[in-house]
Amino acid sequence: CWFYGSGERTAEDVVVQGARWNPTSSSWGPVFEMADTPGFPDCNPVLWVDQHDRVWLFWITVLAERWECSQLKFRRANTSAGPGPPQWAWQGAIHLKPGERFPEVMKKQFDEIALSQAMWAEYAKPYGRLLLEAAADPYKRQTGWMTRIHPLMLPSGRILLPLYSDGFNAALMAISDDQGETWIASDPIVGRGPIQPSVVRRRDGTLIAYCRDSGSPPGRVMAAHSRDEGLTWSAARDIELANPGSSLEVIGLKGGQWLYVGNDTEEERNRLSLRLSADEGASWSSGWAIEPSNEKGQRFGYPSVIQARDGRIHLTYTYTATGGKCIRHATVNVE
């Protein structure tokens with residue numbers, strides 16, 4: 001699935017579309033509509049099939065043409081089978097209520113990472129102070145949480161839906177312990193701009209959230225950890241993987257290895273690479289460039305990756321060149 005129209009958050013004709021992949025013919029079927037809120041842009045769709053073979057579509061409807069005013073929505077179908085669009089059995093909005101801990105955690109972790117507040121004036125307050133004032137407003141901290149990355153189901157049955165906010169330049173998890181019937185908000189993931197988190201679980205139960213770096217140089221993937229199934233998180237800090245302020249995804253593979261996909265450069269999205277980790281993220285293999293950099297001005301971004309039942313890895317990502325834009329699909333095996 002993807003969003004389609006004449007723009008992004010400011011275009012009223014943006015809808016969510018989808019198509020089905022046929023593994024027998026190795027081709028995509030006809031395009032169909034997945035979601036449309038008339039008069040508003042529908043963006044950032046995420047598809048997920050749970051352990052009951054139910055299909056979930058999570059996405060946002062952008063209000064007032066501002067990302068920080070987005071409304072989080074979902075649709076659910078009882079089966080993934082069948083041609084054409086899923087037969088939706090239920091839909092609604094996900095309302096989250098980050099509490100008073102939200103600004104408390106933000107302040108504590110800003111102090112922990114020594115967020116720079118070098119200069120300020122009453123007409124240009126420091127970055128951290130502005131965010132803490134916004135975090136104290138219940139309306140601002142309850143709105144604008146956006147999707148990008150696949151959910152993760154833990155062995156306990158808990159579902160984590162990774163979310164981020166362009167308003168706060170931070171992330172959190174929507175958490176459900178009842179198969180998606182109700183949702184609560186985790187504490188925020190705070191740092192120098194960690195957004196669009198991708199979560200993977202270590203064997204000891206520790207969760208690692210790998211985040212896009214939307215902060216100051218150097219461009220690095222940021223990582224935070226949780227030891228209580230996603231309720232609370234450490235501050236997000238830079239790791240060794242380069243990141244030019246672009247989205248990424250990390251998943252655990254069936255054999256125990258972890259797979260990373262992203263732009264492993266500091267400034268441009270002109271190379272898209274895969275990496276493997278055999279030690280749960282302690283180290284990563286050299287990048288295998290699925291799209292090498294070149295001189296043609298091509299750009300690759302927003303990768304989305306799954307491992308299918310047959311073990312093959314499916315990857316989609318945006319492709320931009322002088323001739324236009326499209327979404328590319330690739331399949332690879334672990335070898």
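**Exercise 1. Determine what share of the chain is buried.**

Solution. A residue counts as buried under 20% relative accessible area, as exposed over 50% and as partly exposed in between, with a 1.4 Å probe and protein chains only. Buried residues make up 49% of the 335 residues in the chain. The model is predicted: local features need pLDDT of at least 70, side-chain atom pairs count only at pLDDT 80 or more, and totals for chains, interfaces and linings use all residues. Residues are numbered from 1 along each chain as its sequence is written, and side-chain values use heavy atoms, without hydrogens and water.

**Exercise 2. Compare the radius of gyration of the chain with that of a compact globule.**

Solution. The radius is taken over C-alpha atoms, and the globule rule is 2.2 Å times the number of residues to the power 0.38. For 335 residues the rule gives a value near 20 Å; the chain has 19 Å, which agrees. The C-alpha atoms fill a box of roughly 60 × 45 × 45 Å along the principal axes.

**Exercise 3. Describe the aromatic pair of F58 and W183.**

Solution. Rings of Phe, Tyr and Trp (its six-membered ring) pair if their centres lie within 6.5 Å; planes under 30 degrees apart are stacked, over 60 edge-to-face and the rest tilted. By this rule there are 13 aromatic pairs. F58 and W183 are edge-to-face, at 6.1 Å centre to centre and 90 degrees between the planes. F58 lies in strand β7 (residues 55–61) and W183 in the loop between β12 (170–176) and β13 (184–185), so the pair ties together parts 125 residues apart in sequence. Strands are DSSP runs (E, at least two residues), numbered from the N terminus. Both F58 and W183 are buried.

Note on methods
Helix = DSSP H or I, 4+ residues; strand = E, 2+ residues; numbered from the N terminus.
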